[in-house]
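Here is a friendly walk through a protein chain for someone seeing it for the first time. Keep the structure open beside the text and follow along.

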Amino acid sequence: MSAAADASGNGPGAARVSLSPPGGLLDVLGVAAVVLDAQGRITLWSPQAEELFGWTAEEALGRHAAKLMVAEEDVALVIELFARVMSGGGSWAGVFPVRHKDGRTKPVEFRNMRLLDEHGGFFALMVAADQAVLGSVERDVALSTRLVAQSPIGFAVVDTDLRYVLVNPALERINGLPAEQVIGLGVREAMPFLDAGAIEAAMREVLTSGEPLLNVHTVGRTPADPGTDHAWSGSFYRLEDGAGRVLGVAVTVVDVTDRLRAANEAAGARRRLAVIADASVRIGTTLDLERTARELADLVVPELADVAAVDVLDAALGGRPSTEVPSGPATFRALAVTAAHPGEALGAADPVGELARYEADRLVTRCVTTGRPILVARVGEQDLRHIARDPDAAAQLARAGLHSYLAVPLIARGEVLGALDLKRTHNPLPFDEDDLALAVELAGRAAVSIDNARWYQSERGAALALQRHLLPQVPPRLAGLEIAYRYQPAQATQEVGGDWFDAIPGEADTSVLVIGDVMGSGIKAAAAMGQLRTAARTLADLALDPSQVMRHLDRITEGLGESMATCLYAVHDPRRARCRLCNAGHLPPVLVPRHGSPRLIDLPTGAPLGVGGVPFEARDLGLTTGDLLVLYTDGLVETRDQPIDARLDLLLQLLDDPLRSLDDTCGRLLGALRRPDDHDDVALLVARVLPHPSGTPSGPPG
């Protein structure tokens, strides 16, 4: 055998000879080959013939084929057909019943043709296969061909080198490439517009493992629709023949763009509902105007925007309701600014707390003057001039990458209060109608909270102004006493106005110290407090016993309608070194002796003023020079999370130095006991006993 014909691959011609592995279809068909001489006797018998007909070669060779393989009644027909083939009448093909060795008759598909040897002799070649097996294969092939060709699902087959060997029409339409342009190419060559690396990796994994990969998603653009992103779901299966030889990978492709879009829209709807639900919890937690605005800005960043600003019309902060639509330029006060990323976009925003005047052509001005949202999906260079406050801010926004803008009015009870200003710099998607709907919903909810906050703030300002006007402004000069006092309003807007105190010079060097707390809040409580303070000052001039004063104040409080109040009334007599006190439902005062430990003064508590008809009892307390008397309202010591006894103990611990200045004492108590979010106002009055100028003894009478 020559080197060129050496099929072993081991000879000198191995470099030029390469045999592909056999296909498996012939093995599936089990094709039998039989050669007959001119008389119809069997001269060659293949192993497949033995398997198909049951006769061994020894049993079949030399015997007449017709008499061996067909029924007696069919012998004449077979001989006739054989003679036609041998006479040169052409080949013969068809299905014929053949007798198996075991006696069964089975239909067999035949192909018969005449052969000519080198000596001019004639032979017949008979190729046969089981008709049932052949029919099954034919049906499978026909079905597969039709399915592949007519399937709406994209289908492709690649060989073990990942080169396309089949592409169906559906995949041609999906990719926008004809099959003849793709066949023979690898994935990277055929489809460079997709993530070919990931697709090839998936194919190799399937080739290696044999495990299918299902629903692998890919996103991209193809020549079929180059201007639109599409999403596809691909599945990969390894192909094997009947003998288990790996043939390649089959790929199915389904365009799931609409399904993915619907899923994204559903997810977006769920996200928007979650944000709205979150807004009901996070916005309006207090009646503080700035905090409410900050809660809104913090909620929408980064969920809806990269930068958010809440700007309120300065006119709306005046507390005057107006249903007139503003026109012309508008003056805003920035209440909150939040950014997902620090940078120039944040620097271009109006600083919180400052006023900014915008002309009528600015988008935020148009938003509040029309009461309608303004959406600029894609911001151009000209748009920047109408968004930013000045050219420098416009340049900052351009450098920050501002590409989409949305302004939504804040409308509550028919009044435009301001605008929610939203910008996108890092989020690549432009604002759309869904974003607009969400922003409008959030702005509407927040506007009501902002409106409530501004009205309470207005009421708080009025109540606080009235409160401060009615309280002492300059400490009076009292005989035998040095005093200091403090008033701190509640941080919660609606709880201002009830606490009061006074220090009143009396006759014969006596002094009256009074502190109280009108139950309730706001302007009504402040007004009631003013009436009680005026009544107490009037009664102090009458030099009545504190218990009598309390009875009069009780009747006056009854006349104020539903008002009630606690009160502590004390008369200090420096000549006798004595203080006489009466309590109407108030917390006990503290005595800090010059020598000794602070203690709560034990007094009959009494009922609050306004209960009516309840007796009040006064008691005497001896005082010496240097002693401190501390009067306070419940806002100093009461909290929602600690027992009152623990807070009173802390109060006593803080009063550890009777020689500390009174101003420092007030500052120490307020700094340690007050919290930034306390919901009650507090009044504090501290008095130190001084030596009496007459030279009378500084201690209590013996």
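Predicted model: local features only at pLDDT ≥ 70, side-chain atom pairs only at ≥ 80, totals over all residues.

α11 covers residues 257-282 and α12 covers residues 289-300; they pack at an angle of about 155°, and their axes lie 10 Å apart. Angles over 145 degrees count as roughly antiparallel, so α11 and α12 are roughly antiparallel to each other. The crossing in which α11 passes α12 is right-handed. On the α11 side the contact is made by V275, D278, A279 and R282, while α12 brings E295, D298 and L299. Sorted by class, this contact of α11 with α12 has 3 nonpolar residues, 4 charged ones and no polar ones.

One of these residues deserves a second look. E295 sits in helix α12. Is E295 buried or exposed? Its relative accessible area is 12%, and buried means under 20%, so E295 counts as buried. Apart from neighbours within four places in sequence, E295 is in contact with R282, I283, G284 and T285.

A second helix pair can be read in the same way. Two packed helices are described by the angle between their axes and the distance between the axes. Here are both pairs side by side.

| Helix pair | Angle | Axis distance |
|---|---|---|
| α11 (residues 257-282) and α12 (residues 289-300) | about 155° | 10 Å |
| α20 (residues 644-654) and α21 | about 145° | 10 Å |

α20 and α21 also cross, and their crossing is right-handed. From α20, the residues R647, L650, L651, Q653 and L654 take part in the contact, and from α21 they are R668, L669, A672 and L673. By class, the contact of α20 with α21 has 6 nonpolar, 1 polar and 2 charged residues.

Next comes a sheet. Strands of a sheet pair through backbone hydrogen bonds, either parallel or antiparallel. In what order do the strands of this open sheet stand? The 5 strands follow the order β17-β26-β25-β22-β23, with antiparallel pairing. At the edges are β17 (481-488) and β23 (599-600); each has a single partner strand, so one side of each is left without a neighbour in the sheet. Helix α21, residues 662-673, packs on this sheet and touches β17, β25 (628-632) and β26 (682-689). The direction of α21 makes about 30° with that of β17.

Look now at one end of the sheet. Strand β22 (residues 590-592) pairs with β23 in the antiparallel sense over 2 bridges. There, L591 has R599 of β23 as its bridge partner.

T633 lies in the loop between β25 and α20. At 0% relative accessibility, T633 counts as buried. Beyond its neighbours within four places in sequence, T633 is in contact with D499, I515, G516, D517, H586, L587, D681, V682 and A683. T633 and L685 are 52 residues apart in sequence, and their C-alpha atoms are 9.3 Å apart in space.

Why is strand β1 (residues 32-36) described as largely enclosed by the rest of the structure? The reason is that 4 of the 5 residues of β1 are buried. β1 has an antiparallel pairing with strand β5 (residues 122-130) over 5 bridges, and A128 in β5 is the bridge partner of A32. β1 is also joined to strand β2 (residues 42-45) by 3 bridges, and β1 and β2 run antiparallel. V35 stands opposite L44 in β2. β1 and β2 form a hairpin with 5 residues between them, and G40 in the turn has a positive phi of about 90°.

Helix α14 (residues 363-370) is mostly covered, with 6 of its 8 residues buried. The buried residues in α14 are L363, V364, T365, C367, V368 and T369. After α14 comes G371, which has a positive phi near 70°.

To finish, step back to the whole chain. How many helices and strands does the chain have? The secondary structure comes to 21 helices and 26 strands. The chain has 702 residues, of which 44% count as buried. Among the contacts in the chain with a separation of 6 or more, 61% are between residues 24 or more positions apart.

How values were computed
Residues numbered from 1 in each chain as written. Heavy atoms only, no water. Axes fitted to C-alpha atoms, helices over the stretch in contact; angles between N-to-C directions. Parallel < 35°, antiparallel > 145°, perpendicular 65-115°, else oblique. Left-handed = near helix turned anticlockwise from the far one by under 90°. Contact = heavy atoms within 4.5 Å. Nonpolar A, V, L, I, M, F, W, Y, C, P; charged D, E, K, R; others polar. Buried < 20%, exposed > 50% of the residue type's maximum accessible area, 1.4 Å probe, protein only. Pairing = 2+ DSSP bridges.
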